[in-house]
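Open the model in a viewer and keep the sequence panel beside it. The stops below say what to select and what is there.

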Amino acid sequence: MNRIWSALLALPLSAGIGTVGTRGVSSAQAPAETYLRGADGIGIVAFSGGDNLSVQEMLTFDLRGLAEENNYGRAEAVYTFYNQGEADTELTLLLPFGRDACYEVGEEQYTVRADGQSVECRARYTYAGDVAFSLEADLSRLCEDYRKDAFFTETMPVTEYVYRTDGTAKGCDGVDFEYVCNPMRTKLAFSKRGFTSVKNGRNKTWIPLGENAEEVRVYAIGEPLGEFRCSAYQDKKVAPTGVALQVVTVKETDFYEFALRNYPEESSVSRTDWYNGFVDMLVSCDDGCAINAIPADYGRARLMKWYEYALQIPAGESVTNVVTVPLRPNVSLRNGKRYEYEFQLSPAQRWQNYEGIEIKILTPYDLAVSSLDFEKTALGYEFARDCLLSGDLAFTIAESTDIEVTTYGNMTPALTTALVMLTVVVCLGGGIVVFLIVRSGRSRRAANDQGEVKEGIIDLGRSEDQDD
């Protein structure tokens, strides 16, 4: 019985742990035709020069064109900066585009103006990763110079070992690469996705191969490997047959050349941002000796774009900065359209003097769920606060008031799902318990028919032909 309860309780808890903290639903969790994965909207970020400034913010979400195809609305953020110091100041600002959504929006929709005039912006890029935008984590990846704070350095040697499976192990299921290395001196990357493990004190990486896969490349970043061997396996699922492979070629280069081997010369990405993004990808995928990332997969699609620009604010005066960004909500098409918006308000926490915010949502549709308490107006909804807000903004717009959207305070949809699963499993477990109790009662009654227990003595009955 204890094992049953442990197994049942593990189901919802593991589901909750696996989903809490995620943003939206991935394409693997819902069919593309019923759910479109979006991305967060993000306000501007103060990079430098904001110590003597006070900031007032007005944020407007224009969602009046949602009925149009491929129109998910736009946000206009108006920042009024007051220079309270005695000297002129130059303010450097960043506008992060955030992670890419599963659908495209035109970059021309991003505009930056100061006191009515267009502002020249510089394109910057950082490694995007696979998670939602994080102000502190992503901001720390911006660097003017080549990164010096990681294991990897520009002059570090990279040794490339090339193995071929054709002829030697035709039709092999995969390659097993076994090696010994010090992770403080060497990191390994592979040309194909692998599974790492440890056997008898040695590191192992198993690389499954497809039907036409004939080549495997191993990259030793840092000191070359001393002890290693590679074997190809046939019929792995039935009776594994290992065939030792020999290195076909060994190439040596430095890490800088290795990082920029796929760099497109005609690119808006600078060599510095490209190099630093490659380093951050390897760092984020570092698993001891092995790196769980394929170097050849690195490219523009793995980078997140930023706009960097500067404003001159005279002493005792103010400048109004207007930023327009397209919105990319999660879109649910089940039982009527529902648009789930998330907008990062946390960048405002980097201002030392923040005088408050006003938020407007212009829409004819229903505000089904919101993390802030908006008031209904003739044009949509409004919210105002004369101090800094904690947390970020999340709200859902539904085309029909008949669409039911359930929320439980500040609980995430993932946690709500886990609790629903827990309820279902508890009910299921209760049914199993009742069944086992009934079955146990029947078993005891059956046992009593054969005999009875009295004062510790078991009476099993006597056969008719047994002597008294």
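**Whole chain**

Start with everything displayed as a cartoon, bearing in mind that this is a predicted model. The protein chain has five helices and 31 strands. Of its 468 residues, 42% count as buried. Switch to a surface: the chain exposes about 26000 Å², and carbon and sulfur atoms supply 49% of that area. Contacts between residues 24 or more positions apart make up 78% of those with a separation of 6 or more.

**An eight-stranded sheet**

Next, colour the open sheet whose eight strands run in the order S8-S7-S22-S5-S4-S25-S28-S27, with mixed pairing. Its edges are strand S8 (117-118) and strand S27 (375-376), each of which pairs on one side only.

Now select residues 74-83 and 318-326, which are strands S5 and S22. How many bridges join S5 and S22? There are nine, and the two strands pair in the antiparallel sense. Within this pair, Tyr 82 is opposite Ser 318 of S22.

**The cores**

Select Phe 61, Phe 81 and Ile 397, the residues with the most contacts inside the largest nonpolar core, a set of 54 residues. Centre on Phe 61: beyond its neighbours within four places in sequence, its contacts include Arg 74, Ala 75, Leu 327, Phe 343, Leu 393 and Phe 395. Ile 359, Lys 360, Ile 361 and Leu 362 are also among the residues that Phe 61 contacts.

A separate core of 26 residues includes Tyr 125, Ala 150, Met 156 and Cys 285. Is Cys 285 buried or exposed? Cys 285 counts as buried because its relative accessibility is 17%, under the 20% cut-off. Cys 102, by contrast, is partly exposed, with a relative accessible area of 42%. The structure holds zero disulfides.

Go to Asn 70, in the loop between strand S4 (53-62) and S5. Its phi is near 60°, a positive value in a residue other than glycine. Asn 70 is exposed, at 63% relative accessible area.

Asp 115, in the loop between strand S7 (111-114) and S8, also has a positive phi, near 50°.

Then select Ala 378, found between S27 and strand S28 (380-385) in a loop. Ala 378 is exposed, with a relative accessible area of 83%. A distance drawn from its C-alpha atom to that of Leu 362, 16 residues away along the chain, reads 9.2 Å.

**Salt bridges**

The structure holds 26 salt bridges. Show the side chains of Arg 164 and Glu 215, which form one of them at 2.9 Å, N to O. This pair links distant parts of the chain: Arg 164 is in strand S10 (residues 157-164) and Glu 215 in strand S15 (residues 215-222), 51 residues apart. Both partners are partly exposed, Arg 164 at 30% and Glu 215 at 25%.

Move to Glu 265 and Arg 271, where the closest N and O atoms of the salt bridge are 2.9 Å apart. Here Glu 265 counts as exposed at 59% relative accessibility, whereas Arg 271 is partly exposed at 32%.

Return to Lys 360, listed above as a contact of Phe 61. Lys 360 forms a salt bridge with Glu 358, with a closest N to O distance of 3.9 Å.

Note on methods: Residues numbered from 1 in each chain as written. Predicted model: local features only at pLDDT ≥ 70, side-chain atom pairs only at ≥ 80, totals over all residues. Heavy atoms only, no water. Helix = DSSP H or I, 4+ residues; strand = E, 2+ residues; numbered from the N terminus. Buried < 20%, exposed > 50% of the residue type's maximum accessible area, 1.4 Å probe, protein only. Contact = heavy atoms within 4.5 Å. Areas by Shrake-Rupley, 256 points an atom, 1.4 Å probe, with all protein chains shown as cover. Disulfide = S-S within 2.5 Å. Pairing = 2+ DSSP bridges. Core = buried A, V, L, I, M, F, W, Y, C linked by side-chain atoms within 4.5 Å. Salt bridge = Lys/Arg side-chain N within 4 Å of Asp/Glu carboxyl O.
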